[in-house]
Amino acid sequence: MSFLNRLFGKSDESQHNQGGTTMLNIGILLGSTREGRVSPQVGEWVKELAGKRGDANYEVIDIADYNLPLLGEAGQDASGAAAWSEKIAQMDGFIFIVQEYNHSISASLKNALDYLRVEWNNKAAGIVSYGSVGGARATEHLRGILSELSIAHVRVHPALSLFTDFENGTHFAPKDVQAQSVNDMLDQLLPWTEAMQSVRTKAGEVANN
């Protein structure tokens, strides 16, 4: 039994079955668009681990695939905004792959978050971060932003070190313990995501009254 499972009084058997017959849609958001980024490696690793559980539909979502110039900048082509809105609206929850830049998240992730509002509201999220101190400071900044967007973010947080989970800072080679950390995070994320569906339903009823 892992330390986190002992701490929260859980058994080793993960709670993989969701209520109802519709699978939850979880977007794995790559939080960097820079050249030479390693976030695609991390995102695919998370998707592979999550996919083995069979408890939701997991999809990697790459901000770089959408045309999202700096929000509000004059003369820019923001034609990707509609597709970005549609994709995020389809998701029930999220896993943010977060890199630490100067003690915070990347500008591209902040910009992508700012493009939308209601599409984020009343959904759940987990965070997988990396950096020299595991991306801890970026994660704390992101938590504040997610709270403002009414995204319920779970406590368990896999933090990857550039020194021990990457080779030469470019090749992702996570320690075995990190896989358990991801599963512990997902064990929290899935129930929260399911619960937030009810919150969205109630919010919609109130708005329509």
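Which residues does S104 touch, not counting residues up to four places away in sequence? In the predicted model, these are Q99, A138 and H141, where contact denotes heavy atoms within 4.5 Å. S104 is located in the loop between strand 3 (93–99) and helix 4 (107–114); helices (H or I, at least four residues) and strands (E, at least two) are DSSP runs, numbered from the N terminus. With H141, the S104 side chain forms a polar contact, side chain to side chain, at 2.8 Å. A polar contact is a pair of N or O atoms within 3.5 Å; within protein, one must be able to donate a hydrogen and the other to accept it, and residues adjacent in sequence count only if both atoms are side-chain atoms.

The model is predicted, so that local features need pLDDT of at least 70 and side-chain atom pairs count only at pLDDT 80 or more, whereas totals for chains, interfaces and linings use all residues. Residues are numbered from 1 along each chain as its sequence is written, and side-chain values use heavy atoms, with hydrogens and water left out.

Strand 4 (residues 123–131) is largely enclosed by the rest of the structure, because nine of its nine residues are buried (under 20% relative accessible area, with exposed over 50% and partly exposed in between; 1.4 Å probe, protein chains only). Both of its faces are covered: K123, A125, I127, S129 and G131 lie on one side, and A124, G126, V128 and Y130 on the other.

Strand 4 pairs with strand 3 in the parallel sense over seven bridges, pairing requiring at least two DSSP bridges between two strands. V98 stands opposite S129 of strand 4. Strand 6 (residues 159–161) runs parallel to strand 4 and is joined to it by three bridges, with G131 opposite S161.

Eight aromatic pairs were found in the whole structure, defined for rings of Phe, Tyr and Trp (its six-membered ring) by centres within 6.5 Å; planes under 30 degrees apart count as stacked, over 60 as edge-to-face and the rest as tilted. One of them, W45–F172, is edge-to-face, at 5.1 Å centre to centre and 80° between the planes.
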